[in-house]
Amino acid sequence: MPVPEKPRLLLHVCCAPCCTYPITALQDEFEVELFFYNPNIHPEEEYKARLDEAERYAAKIGLILYKSAYEADAWYRATSGLQDEPEGGDRCEICYRMRLGKTAKFAVANDFDYFATTLTISPHKDAKKINSLGAMIADMYMLKFHGADFKKKDGFKKSAQMSKEAGLYRQDYCGCQYSKKGKG
Ligand code: SF4
């Protein structure tokens with residue numbers, strides 16, 4: 001009997017180190033392709049550094065990586081007035097929503113069956129919140145969201161190890177200028 005094709009999944013990648021372990025965790029079940037949309041990253045030189053590293057890693061492991069424009073102005077408009085929020089608060093919720101929304105839109109336009117995100121690999125991120133936003137956005141786009149908590153089962157440790165082995169650049173703050181201040 002022919003082996004059934006795996007469903008196609010578009011994985012939102014926040015940076016190269018964070019996608020290492022999630023990719024391997026997903027590949028048994030899905031045909032994975034990558035999507036880089038992170039208008040939160042500040043400054044632009046850092047955005048370019050993270051994008052370059054994600055492109056380099058995708059090429060190294062032979063996966064397609066799509067990217068969307070750097071829409072920093074739209075991110076600042078969406079999070080205006082929320083600069084004093086702690087990591088995990090209202091500003092982050094808007095930030096997650098923006099990135100997941102764009103990923104879902106791209107996934108629908110390009111016939112993916114599922115979308116997912118690497119964001120839950122971070123010990124600073126609440127997987128429950130991210131997964132419920134993902135499920136809500138999936139409903140809006142008539143798409144499926146693959147919820148996960150990649151930091152579990154030593155996922156974060158594995159991603160750190162894999163990044164080290166691949167010699168990947170790993171930043172020390174989440175992404176926006178406010179997290180840079182507090183190293184969020
Ligand atoms: S701390 Fe991270 S998730 Fe929260 S708003 Fe800043 S970049 Fe986005």
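Which residue in β4 does His-12 stand opposite? The residue is Thr-117. The model is predicted: local features need pLDDT of at least 70, side-chain atom pairs count only at pLDDT 80 or more, and totals for chains, interfaces and linings use all residues. Residue numbers start from 1 along each chain as its sequence is written. Helices (H or I, at least four residues) and strands (E, at least two) are DSSP runs, numbered from the N terminus.

**Strand β1 and its partners**

- Four of the five residues of β1 (residues 8–12) are buried, where buried means that 20 or more other C-beta atoms lie within 10 Å of a residue's own, with C-beta atoms placed from the backbone.
- β1 and β2 (residues 31–36) run parallel and are joined by five bridges; two strands pair if DSSP finds at least two bridges between them.
- From β1 the chain passes through helix α1 (residues 16–26) to β2 in a right-handed β-α-β crossover, that is, with the strands pointing away from the viewer, the path from the first strand over the helix to the second runs clockwise.
- Phe-35 in β2 is the bridge partner of His-12.
- β1 also pairs with β4 (residues 114–117), in the parallel sense, over four bridges.

Definitions and conventions:
A residue is buried if 20 or more other C-beta atoms lie within 10 Å of its own, exposed if 12 or fewer, and partly exposed in between; C-beta atoms are placed from the backbone.
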